[in-house]
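User: I am new to this structure and would like to go through it step by step. Please take my questions one at a time.

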Amino acid sequence: MSIITFTLNGSQVSVDAPPMTRLLDLLREHLHLTGTKEGCGEGECGSCSVLVDGELVNSCLVPSLQIQGATVTTIEGLGEQTHLHPIQQCFLEKGGAQCGICTPGMILATHHLLEKHPAPTLDEIREGLSGNLCRCTGYMRIFEAVQQTAKLAEAGK
Amino acid sequence: MAPKEPIVGAPALRYEGEAKVLGRAKYIDDLHFPQMIHGATVRSKFPRGRITAIRYGEGVPWDEFTIVTWRDIPGENTIVHLLKDHPCLVEEIVNHPEEPIVLLAHPDKALLRKAVDAVTIEYEPLPAVFTIEESEAPDAPVIWNSEAGDSPNVFKTYLMEKGNVDDVWASADYIIEGEYSTGAQEQLYIENNGVIAEYTEESVTVWGSMQCPYYLHHALQLAFALPEEKCRVIQVETGGAFGGKEDYPSVIGCHAALLAMKSGRPVKMVYDRLEDMAATTKRHPSRTRHRTAVSKDGRLLGGEIEFAIDGGAYVTLSPVVLSRGTIHAAGPYNWPNLRIRAKAVATNCPPHGAFRGFGAPQSIFGLERHMDLIAKTVGITPEELRRRNFLQPGGSTATGQLIKDPIDLNGMLTRALEESGYHAKRAEFTKTNPTSPIKRGIGFATFMHGAGFTGSGERRLNSLVAIEIDDEGSPEILVSSTEFGQGTNTILCQVAAQTLHIPYKNVRIAQPDTHRVPNSGPTVASRTAMIVGKLVEDASHNLLTCMRASGLLEETYTPEQFCHAALAYKQKHGELRATARYQAPGDIFWDDDKYRGDAYPAYAWAVYVAEVEVDTRTYMAEVKNFWALQEVGKVLNPVLAKGQVEGGVAQGIGYAIYEKCVWKDGVMANNQMTNYIMPTSADLPPIHVLFEEVPSIHGPFGAKGIGELPMDGPAPAILNAIEEATGVCFNHCPLLPEDIFDKLANPTSISADSSQLQPAVAGPVFSGTTS
C-alpha cells in the first residue's frame with residue numbers, strides 16, 4: 001500500500017491504496033465516486049474517461065501511482081443539481097444522453113474537445129469524440145449538444 | 001384548465017436525464033450493500049461433452065468460498081423461457097462453450113478470479129455442430145431432441161401459406177432464386193450484465209440491469225420453488241440493453257440468488273466485457289432462400305421463402321424470434337401466392353437471443369437484397385419494381401391481414417428518393433465510377449415492422465398498468481415497463497400528463513419493482529409506446545373519471561385544483577388508484593395454427609436510403625450519407641424519436657459493414673471491443689431522420705412502435721448501394737473489407753457466380769444461388 005495524494009475536483013485527497021490500483025477503481029471503490037463507469041476495461045470504450053491535468057484519459061488504463069500530485073476532474077466535479085454545467089444542460093436538452101452509461105465520459109470528452117477547439121467543426125467533433133463509444137444515440141444528438149454548447153459559449157463572450 | 005401547449009409531440013426533457021448528465025444515476029455496479037460479496041462463474045471450455053470430474057486446484061483457500069453446483073438448486077434446474085430445456089447449471093452434459101457449471105463467491109474479487117481459473121472440468125467430448133448447415137446435415141449428430149420440439153436438432157418450424165404457389169411456376173416469365181445470410185451480432189450495450197441478489201427468510205430479491213423484471217421473477221419461482229410473493233425483482237438504471245437484457249438476466253439473476261442463499265450474504269455478480277461477450281446472447285445468424293415467380297413487367301406472381309436461424313444450444317426465445325422473422329420475410333409487398341417455411345435449428349453455440357428487430361432484420365435483409373436482384377433480372381429499376389408490388393390500403397399481407405391504414409408507400413418512396421437526391425446521384429455515379437478508384441453508389445430498402453407481440457401474444461400477456469396518487473398529490477405511473485435509454489419514462493409521463501391535463505413535470509413513474517408495479521408486460525417488441533402507452537392513457541382517463549365521480553374535480557381545472565382534489569380523495573378514501581388492463585381490439589383475429597390473420601395491430605413503414613463509397617484499393621466500404629424516412633404514427637417526443645432512429649441506424653450500419661462475430665468451434669474468438677468493431681463517431685455518416693405521421697387507433701394519441709424498425713433497413717440498403725457502386729453482388733452481412741477483397745480481387749469468383757449475370761442473358765430461370 002502507498003499513500004497517493006492528488007487534487008480531485010478541486011479538493012486535495014489522500015488515499016491509501018496499492019500503487020497499481022487502476023485510477024478507475026481508486027475513484028469508484030476507494031473514493032465512492034461512481035459517476036466514472038467501466039465499459040470494457042481495456043481502453044476502448046471511453047466510459048471511464050476523466051481529465052488528468054487537463055488531458056482526457058481512460059482511467060481503466062492509469063495506475064494510481066501516476067496521479068501522485070496530479071489534478072483529476074471527474075463528472076462529479078463538473079456541475080451540480082441546481083446548476084448544470086452548460087455541456088450537461090445541452091446534452092439534456094438535445095437528447096445527448098439515452099441510457100446514460102457513456103454520458104459522464106462523453107461529457108468529459110466534450111469538455112476536453114471544447115478546451116482545444118472552442119468552436120469545433122463537425123469533423124473536429126467527430127474526431128474528438130471518437131474514443132468514446134455510444135451504442136444508443138448514433139452520436140447525432142451528441143454532436144448537436146456539443147455544437148449548442150459551443151454556440152452558447154460564443155454568445156456569452 | 002389544460003396546459004396551453006400540447007405535451008405529447010413536444011420535446012419533453014428526458015425524465016431521468018438530469019441524473020444521467022450529472023453522473024448521479026445509479027447503475028447496478030454503483031450499488032454497494034453491507035456484507036456484500038462477489039460472485040463468479042466457472043464455465044465450460046469445450047462445446048459438448050459429458051462431465052466426468054470437477055477438480056478444485058491447489059493454492060486457493062477453498063474453505064473461504066461459497067461454492068454452488070446444480071445440487072444446490074432448491075427447485076427445478078431450469079432457466080424457464082418457452083421450454084425448460086435450458087438448465088440453470090450443468091448437471092452432466094455440456095451443450096455449448098461458456099456454459100455455467102459451478103458458481104463461486106468470495107469478498108475478494110481478485111482472489112475470485114484466481115479461483116475460477118483453478119477449477120478444472122474433466123470431460124468426455126461428444127460430437128458437436130456449429131452452423132445451420134452442420135445442424136441440418138443428414139448425418140449430423142443429434143445434439144438436441146425434445147417432444148416439445150419439431151424434430152431432432154430443430155426447435156421450431158413454421159409454415160405460412162397464401163394462395164397456391166405451386167401453380168405459378170409454369171406461367172412465370174422469370175423464376176429468380178437467391179440465397180442470403182447474416183451473421184451473429186453482439187448487442188454491445190456499454191454496461192455489461194449485472195445483478196445483486198439477497199436471500200433472507202426464505203425469500204429472494206434481485207436488483208439488476210434488465211428489460212423484463214417479470215421474466216426473472218418467473219425464473220426465480222421455478223429455480224427456488226418459491227411462491228411469487230417470496231420472489232422480488234427490482235430493475236435499476238440500465239446502461240443499454242437492445243434485447244441483450246431480455247432473457248439473459250434470468251440466468252445471471254438465478255445464479256447470484258443461489259450464491260446469496262448459500263452464503264447468507266448479498267452477492268453482486270457483474271460480468272466483465274470478455275465474459276459478457278463470450279457467454280451472453282447475440283443476434284441469431286440466419287439464412288434466407290428465395291425462389292420467386294415474376295411476370296415480365298415485374299409483378300410478383302408468387303414466391304417460396306425458406307428462412308432458417310441458428311438458435312444455439314437451447315430453445316430460449318428462438319421460436320418467437322423465428323416467428324417475427326417469418327412474418328416480416330414477405331415485406332411490404334403484395335404476394336398473391338406465397339409459401340414460407342421457417343425453422344430454428346440447434347447448434348452447440350451459446351444460445352442466441354433477442355436483439356432489436358428480433359428476426360426481422362435477418363429476413364428483411366434477404367428480401368430487400370432479393371428485390372434488387374429481381375429488378376436487375378427483369379430489367380427495371382429497383383424503384384420501379386417496388387412501385388409495381390407495394391402493398392396498398394385494401395390489400396392484404398402475407399398472413400392475409402387487410403391493410404386498413406391509409407398508408408402510401410409510393411408517396412414515401414418518392415419523398416425519400418427526392419430528399420436523398422437519389423436519381424441525380426445515380427446518374428452522376430454511373431458517369432464518374434468507371435474512371436475512379438473510389439466507386440460510389442446509392443441504394444435503398446423499403447420495409448415495415450409490426451408493433452407489439454405477434455398474433456395472440458398481447459392477449460396472452462394480459463398487461464395491467466396502474467396510476468396512483470402519491471403523498472404530494474402527484475400521479476405516479478406503475479408499470480413493469482423499463483427504461484434503458486429508449487425513453488419509456490419520458491413518453492409514458494408525457495401521455496399521462498396530456499391525458500390528465502397537468503404539466504409533464506408533475507407526473508412521476510415508479511422504479512420497476514415486482515412488489516409494487518403490476519405486470520405491464522416485457523419491454524420488448526416495439527410495444528411500450530403503443531400498447532403500454534395506450535394503457536397509461538386509459539388508466540389516466542379512469543383516474544379522472546374516479547375523481548370526477550367523487551365530485552372533487554370539476555370538468556375543467558388547474559394543476560393546483562387537480563392536486564388538491566387528488567389529496568382530498570386520498571384523505572377520504574385512503575388511496576387513489578386507477579388501473580387499465582389490455583383489451584384485445586375487436587377487429588384483430590389471429591390463427592396460431594395456420595399462422596393466418598392479423599399478425600400485429602399496427603405496422604410502422606419505412607424507406608431508408610444509403611449512399612456509399614467503396615475504395616477499390618483498400619476494399620473498404622463506407623456509408624457517406626443516410627436518409628431514414630418512416631411512418632410511425634404520432635411522434636410522441638421528436639427528440640427522443642430521432643435519437644431512437646439514429647441509434648438504430650447506427651447499429652444497422654454496424655451490422656452491415658463493421659460488426660463481425662468470429663466463431664471458432666462455438667466460441668466467440670473476438671470477444672472484446674478491441675477487435676469486435678462497432679461504429680465510432682468518426683465512422684458514421686450524417687443520418688437524416690424524416691417522419692410521416694398517420695395516427696393509429698391502437699396507440700396513445702395515435703402512436704405506433706418505433707424501437708426496432710430502424711434496425712431493419714440499413715443493412716440491405718447499404719449492400720444494395722454497394723452493388724450499385726461496384727457492380728458486384730454481395731449477399732452476406734456483415735461485409736468487411738476482407739470479404740469485398742475476396743470477390744473483387746478474384747475475378748474468377750465473380751464470373752463463376754451466376755448472380756452477376758446481366759438480365760439479357762439471364763434466361764427464363766435465373767439462379768442467384770452461388771453454389
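User: How many residues of chain A are in contact with chain B?
Analyst: The two chains of this predicted model touch each other. On the side of chain B, 53 residues take part. On the side of chain A, the number is 44.

User: What area is buried between chain A and chain B?
Analyst: The size of an interface is often given as the accessible area lost when the parts come together. Here carbon and sulfur atoms give 54% of that area. In chain A, Leu92(A), Gln98(A) and Arg135(A) lose the most area to chain B, together 21% of what that side buries. The area buried between the two chains is about 4,000 Å².

User: Which residue of chain A meets Asp30(B) in a salt bridge?
Analyst: Side chains of opposite charge can pair when their charged atoms come close. Between chain A and chain B the count is six salt bridges. In one of them, Asp30(B) has an N to O distance of 2.8 Å to its partner, and that partner is Arg28(A).

User: Which helix of chain A supplies the largest share of the side that touches chain B?
Analyst: There are 29 residue pairs in polar contact between the chains, both residues at pLDDT 80 or more. Helix 1 (23–30), helix 2 (86–94), helix 3 (103–116) and helix 5 (140–156) of chain A each supply at least two residues of the touching side. The largest share is five residues, and it comes from helix 2 of chain A.

User: Which strands stand at the edges of the open sheet of four strands in chain B, and why is one side of each left without a neighbour?
Analyst: The order in this sheet is 16-23-24-27, with mixed pairing.

User: What is the bridge partner of Phe626(B) in strand 27 of chain B?
Analyst: Strand 24 (residues 620–631) of chain B pairs with strand 27 of chain B in the parallel sense, over six bridges. Within strand 27 of chain B, the residue bridged to Phe626(B) is Ile687(B).

User: At about what angle does helix 10 of chain B run to strand 23 of chain B?
Analyst: Helix 10 covers residues 409–419 of chain B. This helix lies across strand 16, strand 23 (602–615), strand 24 and strand 27 of chain B. Its angle to strand 23 of chain B is about 30°.

User: Which residue in strand 6 of chain B stands opposite Arg55(B)?
Analyst: An open sheet of three strands in chain B has the order 4-2-6, with antiparallel pairing. Seven bridges join strand 2 (residues 49–56) of chain B to strand 6 of chain B. Opposite Arg55(B), strand 6 of chain B places Thr120(B).

User: How far apart in space are Phe453(B) and Leu83(B), C-alpha to C-alpha?
Analyst: Phe453(B) lies in the loop between strand 16 and helix 12 (457–461) of chain B. Beyond its neighbours within four places in sequence, the contacts of Phe453(B) include Tyr215(B), Pro522(B) and Tyr600(B). Phe453(B) and Leu83(B) are 370 residues apart in sequence, and their separation in space is 18 Å.

Key. Residues are numbered from 1 along each chain as its sequence is written. Chains are lettered from A and ligands numbered from 1 in the order in which they are written. This is a predicted model: local features need pLDDT of at least 70, side-chain atom pairs count only at pLDDT 80 or more; totals for chains, interfaces and linings use all residues. Side-chain values use heavy atoms; hydrogens and water are left out. Two strands pair if DSSP finds at least two bridges between them. Contact means heavy atoms within 4.5 Å. Axes are lines fitted to C-alpha atoms, for helices over the stretch in contact, and angles run from 0 to 180 degrees between N-to-C directions. Buried area is the accessible area (1.4 Å probe) that two parts lose on being put together, summed over both. A salt bridge is a side-chain nitrogen of Lys or Arg within 4 Å of a carboxyl oxygen of Asp or Glu. A polar contact is a pair of N or O atoms within 3.5 Å; within protein, one must be able to donate a hydrogen and the other to accept it, and residues adjacent in sequence count only if both atoms are side-chain atoms.
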